[in-house]
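Thanks for coming. I will go through a few local features and keep to what can be read off the coordinates.

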Amino acid sequence: MKAIQFREFGSPNVLESVDINIPTPRGREVLIEVHASAVNYADTARREGQYVVKTPLPYIPGSEVAGIVTEIGEDVTRVRKGDRVVAMMDSGGYAEFSLTDERSVIPLPYGLDFKEAAAIPVQGLSAYHILKTLGRLQQGEAVLIHAAAGGVGLLAVQMAKRFGAGKVIATASTEEKLHLAGDMGADVLVNYTQDGWEADVLEATNGKGVNLALEMAGGDIFYKTLKCLDYFGRMVIYGVASGEQSRFYPSSLMAKNQSVIGFFLPPLMKDAELTQKTLHEIFHYVATGELKVTVGHVFPLEEVAKVHSLMQARKTVGKVILQPKF
């Protein structure tokens with residue numbers, strides 16, 4: 001089968017197409033013929049050797065796919081050959097076939113195509129738990145969501161409204177992206193590439209600041225977001241898209257009883273029961289029309305280097321999907 005791997009860390013050019021054997025499922029493993037594989041910022045961090053945990057080499061990126069079950073291990077009880085499914089895995093999603101544990105697989109809801117399904121698990125779980133589990137969003141609170149036209153951002157805007165946020169302030173880098181965030185329900189739109197954007201956030205909250213902020217850029221955005229927090233405000237960090245790590249004095253949080261919280265999905269996914277429960281809830285929102293999935297771009301698997309370049313240049317919107325059979 002065809003797969004995309006890298007044998008060294010570096011630019012998108014280190015990604016290469018290789019021919020490898022189709023893996024054989026054992027125990028509770030499931031083999032999926034991939035019809036859509038999602039791309040995440042975590043994949044670019046893996047490629048650059050900047051991921052939160054160590055990346056073994058050689059490495060096949062990709063942590064979420066949608067497709068058809070072709071083989072199952074001897075202990076599998078939840079799915080059958082021929083099932084249309086969406087699944088998550090530690091690696092191996094950029095390929096024609098992917099292997100994962102049956103506990104990370106759920107059936108495709110009726111009416112959802114493979115591209116839409118692949119766009120949901122990682123970023124849906126992230127948006128949900130950043131807002132509810134770590135962010136502790138309460139009814140009527142003001143929420144600041146950066147990169148609101150990205151995969152997590154667009155879902156977070158909608159979920160925040162559904163979970164009772166009083167005001168959702170969305171930031172993005174272009175008018176097109178801001179318009180998209182507005183279509184998803186954002187109340188206030190702010191272009192964070194313009195000087196003084198933090199003043200716009202404070203103005204939108206009558207000078208108080210927001211109760212909860214979702215931050216994934218790092219660098220200067222991190223410092224300015226701190227200025228946007230109200231008393232008892234929480235900032236959840238879930239990425240460093242700029243590549244610039246931020247340093248700050250923890251004691252600076254004391255004056256307003258503020259919190260800075262880190263979010264990393266893999267430890268949460270170790271709780272299979274919680275993951276399954278949350279995914280079923282998210283897919284219910286999608287099936288009932290309460291949550292809209294935005295697939296912004298679809299590319300052939302072999303154009304993955306181009307895809308990584310576009311993502312890191314912030315030239316994509318919504319979720320980016322790769323298809324082995326385009």
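Start with helix H3, residues 121–134, and helix H4, residues 151–162, in this predicted model. Their axes come within 9 Å and cross at roughly 45 degrees. In general, two packed helices are described by those quantities, the angle between the axes and the distance between them. Oblique covers angles that are neither roughly parallel, under 35 degrees, nor roughly perpendicular, 65 to 115, and H3 and H4 are therefore oblique to each other. The crossing of H3 and H4 is right-handed.

Which residues make the contact between H3 and H4? On the H3 side they are Gln123, Gly124, Ser126, Ala127, Tyr128 and Leu131. On the H4 side they are Gly151, Val152, Leu155, Ala156, Met159 and Ala160. Sorted by class, this contact has 8 nonpolar residues, 4 polar ones and no charged ones.

Next, helix H6, residues 197–204. Its buried residues are Trp197, Glu198, Val201 and Ala204. Viewed down the axis of H6, these buried residues fall within an arc of 120 degrees, so they line one face of the helix.

After H6 comes Asn206, which has a positive phi, near 55 degrees.

That brings me to H7, where Tyr223 is found. Is Tyr223 buried or partly exposed? Its relative accessible area is 33%, and the buried class stops under 20% while the exposed class starts over 50%, so Tyr223 is partly exposed. Leaving aside neighbours within four places in sequence, Tyr223 is in contact with Ser246, Arg247 and Phe248. For a distance, take Tyr223 and Ala172: they are 51 residues apart in sequence, and C-alpha to C-alpha they are 17 Å apart in space.

Not counting residues up to four places away in sequence, Thr44 touches His308 and Gln312.

That is the list. I can take questions now.

Definitions and conventions:
Residues are numbered from 1 along each chain as its sequence is written. This is a predicted model: local features need pLDDT of at least 70, side-chain atom pairs count only at pLDDT 80 or more; totals for chains, interfaces and linings use all residues. Side-chain values use heavy atoms; hydrogens and water are left out. Buried means under 20% relative accessible area, exposed over 50%, partly exposed in between (1.4 Å probe, protein chains only). Helices (H or I, at least four residues) and strands (E, at least two) are DSSP runs, numbered from the N terminus. The arc is that of the directions from the helix axis to the C-beta atoms. Axes are lines fitted to C-alpha atoms, for helices over the stretch in contact, and angles run from 0 to 180 degrees between N-to-C directions. Angles under 35 degrees count as roughly parallel, over 145 as roughly antiparallel, 65 to 115 as roughly perpendicular and the rest as oblique. A crossing is left-handed if the near helix is turned anticlockwise from the far one by less than a right angle, and right-handed if clockwise. Contact means heavy atoms within 4.5 Å. Ala, Val, Leu, Ile, Met, Phe, Trp, Tyr, Cys and Pro count as nonpolar, Asp, Glu, Lys and Arg as charged, and the others, Gly among them, as polar.
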